Amino acid sequence: HGGASLAYFKLYGLKSITGMDTTKRQAEISKIFFKSHGVDSNFDFIEGRAEKMNFPTNTFDAIISFDVFEHVEDLSAVLSECFRVLRPNGKLLLAFPSYYHPVQHHLSDVTRAPCVHWFFPPQDIMDVFYDILDDNPVYRDKIGLKRRPLKPWEKLYIINGVTLKKFRSIIGEKSWSMVKHIPLPLFSTGELINKYPVLRILSYVFWLGTRIPILEEFTNHRIVYILSK
């Protein structure tokens, strides 16, 4: 609802900020949120899709994306558009979970069991997912989920299945002047760590895994990159 944008706007003293969401309603809510916190100029929120942004080329100094890229339909098109609308030397700051993150399977409406998507085919998982919801119709209707087939771009419900390896191949499609990967091991940040700080010790165990090609898919808390045009 614009909360992260407002935090960036105030914390870093930005001259202006533009947010984009897939529905007009969410864009309007974010505008109301900004105004309710005393900000009445130098911001805008619009409805749009990142695969085809309605902005001129060389518009922005920076783009921030947090926990979005796992949900987009065509990540290659999104990154191409980010490259286009950034000014020369503009930066794309991004963080999102790899498909193989132990608990970022986006099935939490039914289960928080880790790693289930490592061992079972996506369609089998979704069949069971909807079976459980159909057995609990009151809860199913409350959260507004009804059985549907996976869309062509979906690996599981509303996620595209992009891995760290796949992401690296996509960023290679454009001539970014700087590509900086920031390893971020599991248990180094997040709500669980804020609640149980002692678990941060585990991040040292996963730190090594984030630097080993095969293990890094499973041991990074997020795929974190800074790309410069």
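Residues are numbered from 1 along each chain as its sequence is written, and side-chain values use heavy atoms, with hydrogens and water left out. Because the model is predicted, local features need pLDDT of at least 70 and side-chain atom pairs count only at pLDDT 80 or more, while totals for chains, interfaces and linings use all residues.

## The sheet and its helices

Helices (H or I, at least four residues) and strands (E, at least two) are DSSP runs, numbered from the N terminus. Two strands pair if DSSP finds at least two bridges between them. An open sheet is formed by 4 strands in the order 3-4-6-5, with mixed pairing. Strand 3 (60-66) and strand 5 (178-181) are the edge strands, each of which pairs on one side only. From one strand to the next, the twist averages 10°; axes are lines fitted to C-alpha atoms, for helices over the stretch in contact, and angles run from 0 to 180 degrees between N-to-C directions.

Strand 3 and strand 4 (residues 86-96) run parallel and are joined by 6 bridges. Ile64 has Leu93 in strand 4 as its bridge partner. Helix 3 (residues 75-85) packs on this sheet and touches strand 3 and strand 4, its direction making about 145° with that of strand 4. Helix 7 (residues 164-171) also packs on the sheet, where it touches strand 4, strand 5 and strand 6; its direction makes about 5° with that of strand 6. Contact here means heavy atoms within 4.5 Å.

Which residues of helix 3 are buried? They are Leu75, Val78, Leu79, Glu81, Cys82, Phe83 and Val85, where buried means under 20% relative accessible area, exposed over 50%, and partly exposed in between (1.4 Å probe, protein chains only). The cover over these buried residues includes strand 3, strand 4 and helix 7. At the N-terminal end, helix 3 is capped by Asp74, which has a side-chain oxygen 3.2 Å from the backbone nitrogen of Ser76.

## Salt bridges

Side chains of opposite charge can pair when their charged atoms come close. A salt bridge is a side-chain nitrogen of Lys or Arg within 4 Å of a carboxyl oxygen of Asp or Glu. The whole structure holds 13 salt bridges, and the table gives some of them.

| Glu81 | Arg84 | 2.7 Å |

Glu81 and Arg84 are 3 residues apart in helix 3, so about one helical turn separates them. Glu81 counts as buried because its relative accessibility is 10%, whereas Arg84, at 23%, counts as partly exposed.

Asp131 counts as partly exposed at 38% relative accessibility, as does Arg147 at 41%. A network of salt bridges links Asp131, Asp134, Arg140, Asp141 and Arg147.

Lys229 is placed in the segment after strand 6 (223-228). Although Lys229 is buried, it has no salt bridge, and Glu81, the nearest side chain of opposite charge, is 9.8 Å away. Lys and Arg count as positive and Asp and Glu as negative; His and the chain ends are not counted. The side chains of Lys229 and Asn58 are joined by a polar contact of 2.9 Å. A polar contact is a pair of N or O atoms within 3.5 Å; within protein, one must be able to donate a hydrogen and the other to accept it, and residues adjacent in sequence count only if both atoms are side-chain atoms. Beyond its neighbours within four places in sequence, Lys229 is in contact with residues including Phe83, Arg84, Leu86 and Trp176.

His117 lies in helix 4 (residues 116-119) and is buried, with a relative accessible area of 5%. The His117 side chain reaches the backbone oxygen of Tyr99 at 2.9 Å. Leaving aside neighbours within four places in sequence, the contacts of His117 include Tyr99, His101, Ile125 and Leu156.
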